[in-house]
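Have a look at the structure first.

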Amino acid sequence: MGMPLELQTLIVTKGNERRVKDNLFILEKEGYRLYPLDIPLEVRRTLQSEASGQAVVKKLELADNRTIVTYELVALHSTN
């Protein structure tokens, strides 16, 4: 039996991210998702929203049909 896996090219938080410290965040997603490491990716609150910043994925954990993404916010886009 195969393992369902999604390849992601941006980080969609849906407001579920948790700040660990400074610009380091953790996001838990259902299912197995693969993110590129050590390259900047857009961060969005929803898939249809504008990018709120850019982040670099530092760590991925895949277990029990969930993915835990640890990422560092490297740029923040602001409308102010």
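Which backbone nitrogen lies 3.4 Å from a polar atom of the side chain of Ser49?

## Ser49 and its loop

The backbone nitrogen in question belongs to Arg45. The Ser49 side chain also has a polar atom 2.9 Å from the backbone oxygen of Thr46. Ser49 itself sits in the loop between strands β6 (40-44) and β7 (51-63); strands here are DSSP runs of E, at least two residues long, numbered from the N terminus.

Ser49 counts as partly exposed because its relative accessibility is 22%, where partly exposed lies between buried (under 20% relative accessible area) and exposed (over 50%), using a 1.4 Å probe and protein chains only. Its C-alpha atom is 12 Å from that of Gly15, 34 residues away along the chain.

## Lys29 in strand β4

Lys29 belongs to strand β4. This lysine is buried and has no salt bridge, meaning a side-chain nitrogen of Lys or Arg within 4 Å of a carboxyl oxygen of Asp or Glu. Glu6, the nearest side chain of opposite charge, is 7.8 Å away. Instead, you will find the Lys29 side chain 2.8 Å from the backbone oxygen of Val12.

The model is predicted: local features need pLDDT of at least 70, side-chain atom pairs need 80 or more, and totals for chains, interfaces and linings use all residues. Residues are numbered from 1 along each chain as its sequence is written, and side-chain values use heavy atoms, without hydrogens or water.

Mean pLDDT (the predictor's confidence in each residue, from 0 to 100) is 93, and 95% of residues reach 70 or more.

Conventions. Helix = DSSP H or I, 4+ residues; strand = E, 2+ residues; numbered from the N terminus. Polar contact = N/O pair within 3.5 Å; in protein donor to acceptor, adjacent residues only side chain to side chain. Lys, Arg positive; Asp, Glu negative; His and termini not counted.
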